[in-house]
Amino acid sequence: MARDIRAGDRTVLSRAITLIESKRTDHRRAAVALTQELLAATGKAVRVGITGAPGVGKSTTIDALGSMLTGEGHKVAVLAVDPSSQRTGGSILADKTRMARLAADMNAFIRPSPASGTLGGVAAKTRETMLLCEAAGYDVILVETVGVGQSEIAVADMTDFFLALMLPGAGDELQALKKGVVELADMIAINKADGDNIARAKAAAAEYRAALHILSPRSPNWSPPVVTYSALIGDGIAALWTHVLEHRQKLTASGELAARRGEQQVKWMWSMLEERLFAPLRSDRALKAALPRIEADVAAGSLAANAAAEQIADLLGRR
């Protein structure tokens with residue numbers, strides 16, 4: 001499988017990602033071996049996280065940007081983390097339908113993954129999927145977030161460049177925007193700057209620039225620009241990529257990019273360890289049988305939450 005992935009076999013790449021997303025113990029072990037085998041072939045791609053509120057045009061932007069990049073000879077992988085229903089666990093998985101050009105492009109690979117309730121809506125195995133795509137020869141990785149909750153922080157911790165997309169109408173947008181998202185952004189881009197919206201987009205950009213002046217930048221080597229563009233007509237798309245490359249050049253020269261990636265790997269390790277430590281809660285029969293009783297006692301107010309946590313920890317320790 002590793003050999004076929006290095007050869008760029010898209011079918012095997014899809015199978016490998018399915019293997020990595022599996023919760024079966026034997027599959028997990030095989031996935032660990034596969035990732036380790038491919039590790040030396042990874043790390044060369046430009047990793048870009050893209051976030052924004054629903055309706056801002058993330059998928060349309062990725063379709064336009066990705067198509068431009070494949071036209072320039074790049075191979076682009078899009079990891080679209082899709083919202084999962086909290087009630088049914090089902091996933092919408094509609095992003096691919098909004099990337100019509102990329103979906104038909106042999107130099108692009110789109111993988112929608114259900115968020116499945118993982119922290120912040122980021123698919124649990126997005127990092128490993130990214131490594132597989134890099135090993136398969138994709139030199140640009142675009143990670144699209146759900147755009148809600150803590151997904152922005154999680155994606156910023158696995159990419160080199162974090163792009164926040166906004167809509168014209170900065171007054172309302174600034175009220176709804178979390179300070180943390182702006183602090184994480186390496187660039188803010190105002191979409192739908194076309195037709196009658198151009199003036200509003202420019203006004204929004206001015207307000208975001210003012211907001212950035214009072215915040216500490218994420219990197220001492222980079223001042224986040226605020227730009228306007230239109231994903232619909234393609235105006236300003238090339239400029240977005242120019243900023244990404246400029247950012248990469250500056251952080252590589254200063255050594256910050258290598259340091260940031262090293263820190264991300266360590267965070268990934270702890271994240272995986274936490275997942276492994278919680279795995280018995282889902283698989284151990286005795287633990288699964290005890291949890292409903294403990295939860296019921298906490299809900300009824302007869303057991304304090306910290307006491308319940310101690311009980312669960314004791315059960316884990318006896319395994």
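The structure is a predicted model, and its secondary structure comes to 14 helices and 7 strands. Of the 319 residues in the chain, 46% count as buried. Among the contacts in the chain with a separation of 6 or more, 75% are accounted for by residues 24 or more positions apart.

**Confidence in the model**

- Averaged over the chain, the pLDDT is 85, and 86% of the residues reach a score of at least 70.
- Over residues 85-94, however, the pLDDT is below 50, although this stretch has 16 contacts in the model beyond near neighbours in sequence.
- Where pLDDT is low, the predicted coordinates should not be read in detail.

**Helix H2 against helix H3**

- Helix H2, which covers residues 10-21, packs against helix H3, which covers residues 25-38, at an angle of about 125°, and their axes are 8 Å apart.
- This angle makes H2 oblique to H3, and the crossing in which H2 passes H3 is left-handed.
- On the H2 side, Ala16, Leu19 and Ile20 take part in the contact, and they meet His27, Ala30, Ala31, Leu34 and Thr35 on the H3 side.

**Helix H2 against helix H6**

- H2 also packs with helix H6, made up of residues 126-135, at an angle of about 160°, with the two axes 10 Å apart.
- H2 and H6 are therefore roughly antiparallel to each other, since an angle over 145 degrees counts as such.
- The crossing in which H2 passes H6 is right-handed.
- Here Leu13, Ala16, Ile17 and Ile20 of H2 meet Glu128, Thr129, Leu132 and Cys133 of H6, and the residues of this contact divide into 6 nonpolar, 1 polar and 1 charged.

**Serine 67 in helix H4**

- Serine 67 lies in helix H4, which spans residues 58-71.
- With a relative accessible area of 16%, serine 67 is buried, because buried means under 20% relative accessible area.
- When neighbours within four places in sequence are left aside, serine 67 is in contact with Ile62, Arg101 and Leu102.

Definitions and conventions:
Residues numbered from 1 in each chain as written. Predicted model: local features only at pLDDT ≥ 70, side-chain atom pairs only at ≥ 80, totals over all residues. Heavy atoms only, no water. pLDDT = per-residue confidence, 0-100. Contact = heavy atoms within 4.5 Å. Axes fitted to C-alpha atoms, helices over the stretch in contact; angles between N-to-C directions. Helix = DSSP H or I, 4+ residues; strand = E, 2+ residues; numbered from the N terminus. Parallel < 35°, antiparallel > 145°, perpendicular 65-115°, else oblique. Left-handed = near helix turned anticlockwise from the far one by under 90°. Buried < 20%, exposed > 50% of the residue type's maximum accessible area, 1.4 Å probe, protein only. Nonpolar A, V, L, I, M, F, W, Y, C, P; charged D, E, K, R; others polar.
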